[in-house]
Amino acid sequence: MMTDMTKGSPFKILLKFVVPMLLSMVFQQLYNLADSVIAGRYLGVDALAATGAAYPITVLFLAVATGASVGCSVVISQLFGAHDYVRMRTAVNTAVCTLVALSLALTVIGQIACPALMTISNTPEDIFAPTMVYLRLYIAGLLFLFLYNTATAIFNGLGDSRTPLYFLAFSTTLNVVLDLLFVTVFGAGIAGLGLATLIAQGLCSVLVVLTLVRRLSRLETARRPARFDAHLLRRMSLIAIPSICQQSFVSVGVFCVQGLVNALGPFTVAGFSSALKVSTFALMVMNTLPNALSSFAAQNIGAQDIARVRQGVRACVLVSELIIGGIIALFFFAGSQILGLFVGEDIGNGTVINIGVQYLLIVAPFYPLVGIKNCCDSVLRGGGAMGSFMVTTLADLALRVALAYALMPLCGFSGICYAYPLGWIIGTALSIILYLSNVWIPKYMRQSARQGVALHPIRRPAAQQDGAHRGHHLPVRLPFAVRHQ
């Protein structure tokens, strides 16, 4: 069900929209955690370290898929908020065609570059072979990864966060069942983990794309949407390319830090990778509501209701901080038990768990800063201010990586841990400054926004409206990212 976020209580709309997104994120992270848990408990510390060593490389590909889908989501949300359904469907067609081609190209490049990437990241020699097997199977499924992320971004842009949830819940359950089947019954080892992910993700992506096509076909329009539009591709690229760069730079940062950790031995790699995945799970939970805020902001910017965007930000910050408080308490009181899920009794679980707990206890107290940063960044992204969005992220990232390299020789592993919160402090400060500076508001709307004056929509002539939606009020002008040439 598609939701118009330009009407009704911002708090209620965000809450209703975010619950399915939160559940989807939980299933998505369980998807990622399942391989590590099963590897650690059934295959041993080397297998757990191998999935951990592969993680920063897989994140590089995921960064491109996620960043590209952001451009689609923002433009589609703005067109939906402006009730321009013909161009919205054209944007969907354009996005799917482009990202399928991109995923196929990255599959070929990834298979060729896989050994080099592992060498650059200092993958230990004793886990090099299993890491290679797991990574090649992951890269083989990039088409499915891109299809799912693109379809999910489109559904979210249309205000529908439930449909992706249903398919992801099915896919996650199937992945866990196949993991256990291939590892414990067929004895396929780490290759079984990669194959299970490939099968489950492939089926999920095909089903969600078919559902999207069926859902959009029900939108009656006066004109037939085009299969491809170069102008819309350029507009989406203006948001997607900076977002891909931002996501990729973050992944490169993770990649660089992993190289430092890999030099400390397999137990440190296993402990850090387990804690990093748990922390990533928490960060994704914290970012779920801000992600909903991006779609909310984009639709309301499309409808030229800036005051409503600000109301959404206040609600988002409040609820995010409440969620973060619960996460911090969980890590402090049950961190050891959570990390214990990753290791079996026959390996050095005490050392692995202690390393992981050390990381969590250092970074968790700074999560409230991340919550505020996420909310501010989501509005920047929803408004298409991708340059500002990149500035906040890259400042955070550059400082984290530089400090990790500077502090590790002095403090060892704890130096790497402290680099994360120090980077978040700078990034959060920049995000707040840029949000308050109104760079996310289109230029022609800023004067009215500063004066608190509402921009009044006008009724477009019936001949210009889409067939099933005559009578909707449309803004005088659309935001820069979606205007006609």
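These legends walk through close-up views of one predicted model.

Residue numbers start from 1 along each chain as its sequence is written, and side-chain values rest on heavy atoms, with hydrogens and water left out. Because the model is predicted, local features need a pLDDT of at least 70 and side-chain atom pairs count only at pLDDT 80 or more, while totals for chains, interfaces and linings use all residues.

**View 1. The whole protein, before we zoom in.**
The protein has 15 helices and two strands; these are DSSP runs numbered from the N terminus, with helices being H or I of at least four residues and strands E of at least two. Of its 485 residues, 59% are buried. Here, buried means under 20% relative accessible area, exposed means over 50%, and partly exposed lies in between (1.4 Å probe, protein chains only). Among contacts with a separation of 6 or more, 83% join residues 24 or more positions apart; a contact means heavy atoms within 4.5 Å.

**View 2. The largest nonpolar core and Trp440.**
A nonpolar core is a set of buried Ala, Val, Leu, Ile, Met, Phe, Trp, Tyr and Cys residues joined through side-chain atoms within 4.5 Å. The largest one holds 124 residues, and the members that touch the most others are Met88, Phe331, Tyr359, Tyr367, Tyr420 and Trp440. Helix 2 (residues 45–81) gives the most to this core, with 20 residues. Look next at Trp440: leaving out residues up to four places away in sequence, its partners include Ile301, Ile306, Val309, Arg310 and Tyr435.

**View 3. Ala282 and its partners in the chain.**
Ala282 sits in helix 9 and is buried, with a relative accessible area of 3%. Setting aside residues up to four places away in sequence, Ala282 touches Ile327, Phe331 and Tyr367. Phe331 and Tyr367 are among the residues with the most contacts to other members of the largest nonpolar core. Ile323 lies 41 residues from Ala282 in sequence, with 9.8 Å between their C-alpha atoms.

Helix 1 (10–43), helix 9 (266–302) and helix 10 (306–340) each supply at least two lining residues, and helix 1 gives the most, with five. By class, the lining has 16 nonpolar, no polar and no charged residues. In this count, Ala, Val, Leu, Ile, Met, Phe, Trp, Tyr, Cys and Pro are nonpolar, Asp, Glu, Lys and Arg are charged, and the others, Gly among them, are polar.

**View 4. The second largest cavity.**
Helix 5 (142–157) is one of the helices that supply at least two lining residues, and its four residues are the largest share. The lining has eight nonpolar, one polar and no charged residues.

**View 5. Helix 3, from Thr107 to its end.**
Thr107 lies in helix 3 (residues 85–120) and is buried, with a relative accessible area of 16%. Apart from neighbours within four places in sequence, Thr107 is in contact with Ile139, Ala140, Leu142 and Leu143. Further along, helix 3 bends by about 55° at Ala113, and Pro115 follows within four residues; the bend is the angle between axes fitted to the seven residues ending there and the seven starting there. Just after the helix, Asn122 takes a positive phi of about 60°.

**View 6. Asn438 in its loop.**
Asn438 is found between helix 14 (413–436) and helix 15 (443–451). This residue is not a glycine, yet has a positive phi of about 65°. Asn438 is buried, with a relative accessible area of 10%.
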